[in-house]
Amino acid sequence: MSLELNNLTKRFGGNTAVDDINLTVPSGSMYGFLGGNGAGKTTTFRMILGLLEQTEGSITYENQTINYNVTNRIGYLPEERGLHPKLKVEEQIKYLGELKGMNKNDISDKLDHWLERFEVPENRNKRIEKLSKGNQQKIQLIASIIHQPELIILDEPFSGLDPVNVEILKKAVKELNREGATIIFSTHRMEHVEEMCEELCILNHGQQVVSGNIDQIKSDFGQKEIIIEGDHDVAFLKDMPGVIDMKQVRSKTTLKISEEQYAEQIYNEITSLGYFKRFQVKEPSLNDIFIAKVGRQYEQV
Amino acid sequence: MNKFKTTFLQTYISKVRAKSFIISTLIVVLLIFLAANVDRIISLFDSSEEIATIEVDGGEAAVTQVETLFEAAETDMDVVPHEGGEAAGDTAVLSIENTDPMTFNISAENEIPEAQMTQIDTALGEYQRMTNIQELDITPEEAEQLGQTPEVSYDIAATADEAGEDAAGESETPELNPLNSIIFYVTVIIMFFIIINYASQIGSEIAMEKSSRVIEMIVSSVHPITHLMAKISAMISVSITQLLVFIIAVVIAIQMFDFNNLISEFGLESNDLTLRLAIYSLLYLILGLVLYLAISALLGSFVSRMEDLQQALMPVTMLSLFGFYIGIFNTFSGENMLVVITSYIPPFTPFVMPLRAMHETTGQLVLLTGVLIMIVTIILVVMLASSIYRNSVLSTDTGIMKNLRRIRKE
């Protein structure tokens, strides 16, 4: 009961857009695809949906290849937003809903529910071209989830929205996940993945940097961060065993250690100096993992 | 199949409910009703009055002779001697001045209809001829000999050897039945009108979905080829719906109005080719629409921005215009080489084959071959359009060449 990508590769001419991706999206999970522009997120999604043919590798959903027999159970929000500009919201949703095998009455009821939910019930009879960009995006999200799909693929669902609307959409996505849908979404914002996902895959120029359960990835990564706040001079900590990096800003010192086991020794060293306001051992951020794996700063575009 | 139906109905209903469809249909229906009443409309603007009696100012012999000639020319006018006074109402006065050449003067109160004037001219021409024969003192046989024209026949070995069809057509220009010509003209004009109109509509339907990017949502639910086929079928159905409205309007017009006047005035009588022509015209009209809409869909598949659409559809405009002109300008020149050759070239076939169906010399086999050529071409174009559409549906490349290169690369 899951989506599996094995050795997935896509080449356009001489250019490799996706290079040997292997991952498993467990059923019912919230899975994040993280990567900058050109990382290969959209190409991967299009291959999952069968819109693009992979050059190599395989994709299976519940042990079957994905074809037009299963698309009614999948919802997709493409990165490139767009609806029929001349159609009214209701007509557009009815058309896309019927393409997913729904009947008109069901669509109408669900549409009412979602328009209320996204706080735009007044748009039901407006032409798409008359709506603001953010509202068009809400309508498109409704179109991709109205048929209650069991697998939902959202390509950059939160980009281009104001913070209030991002919150409304996030809440809806989390709720869909709670109700049992498997959700895959891509983003270039690390905080969205940190906040929402249990599982993730970081892509960089078509290559899989890291993937799997976030807690597991962080714990496997080994490195930890120690934050110390106090008035004593702690410059000597730089030479302690296990310390990789140290930054000092006024009374706050941030240490990076290669293994958690070194934390205790550091703790013992500073407590002998006297009172400290703070001593905290933190999990590494995704950014730290990215830098460590790719060798440079994560590009936020 | 359900998804096909969904896209088909969505496209069909939105197009049939569009203002442009309703307005263009109404305009043509209006024109059909106007054309059905063209004789009444002409008579509205025609102030001329038919002459019932013609008074001849001359001797008794002249009156008798004019009377005989007018009867021979099958006019409805009564010929009586002139007894003084002015011409009034439906009476005209004919005075003969026996000089060389003869001069006739006709005075009437109102304008004389053109048809009657022609009849009078013919009768008076004959009057002059009779007078000349009398004056020259020759026998009627001698006079006939003078008027003889030679018979020239061309016996060319090369054309006589050619098998059948084009040999007969080339040496003479056949008389065309006016009703058949009208059927041909109406077919070709309606075909051209619908092609130009719907080519841009189907092109823009396809290009709009690509340029607005909604296509990615659509093809994640339905196979691109199913979607394209539904679009093409819907547009063809819309155009055939319009055609049906036109045909119904013609049938209603025939039921509503009295056509006897129209038929006699313009000589619109059917002959034994009319039925064949009507059937093939309708067949080629439908095949022509299907072919050109498929070509437009093919070209629309290359475009991902609306701005490029007109340019991409240029071939449709050019081809249909050429076909239209070949048909229209060769109506009266018979089956010449250009007509024969272009009738087998698919984009021109629907325009030119109905023209050939008007001529007795064209066999059934030729007309059926044309139908076969059209069907094969339509299948090929649809297959090509499907493959291009499938490959370019998510591309944002602009221009035909770029798309072709990209498709080759994948």
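**Chain A, then chain B**

Mentor: Chain A has 9 helices and 13 strands. Both are DSSP runs numbered from the N terminus: helices are H or I with at least four residues, strands are E with at least two. This is a predicted model, where local features need pLDDT of at least 70, side-chain atom pairs count only at pLDDT 80 or more, and totals for chains, interfaces and linings use all residues. Residues are numbered from 1 along each chain as its sequence is written, chains are lettered from A and ligands numbered from 1 in the order written, and side-chain values use heavy atoms, without hydrogens and water.

Trainee: What does the C-alpha trace of chain A span?

Mentor: About 75 × 45 × 35 Å along its principal axes.

Trainee: How many of its residues count as buried?

Mentor: 52% of the 301 residues of chain A. Buried means under 20% relative accessible area, exposed over 50%, partly exposed in between (1.4 Å probe, protein chains only).

Trainee: Switching to chain B. Which residues of helix 2 are buried?

Mentor: B:Phe21, B:Ser24, B:Thr25, B:Val28, B:Val29, B:Ile32 and B:Ala36.

Trainee: Why are they on the same side of helix 2 of chain B?

Mentor: Because they cover an arc of only 135° around the axis. That arc is taken from the directions from the helix axis to the C-beta atoms.

Trainee: And which exposed residues does the face turned away carry?

Mentor: On helix 2 of chain B, that face has B:Lys19, B:Leu26, B:Leu30 and B:Leu31.

Trainee: What about domains in chain B?

Mentor: The assignment gives domain 1 (2-31 + 176-409) and domain 2 (53-146). Such bounds come from an automatic or database domain assignment. The centres of these two domains of chain B, taken over C-alpha atoms, are 56 Å apart.
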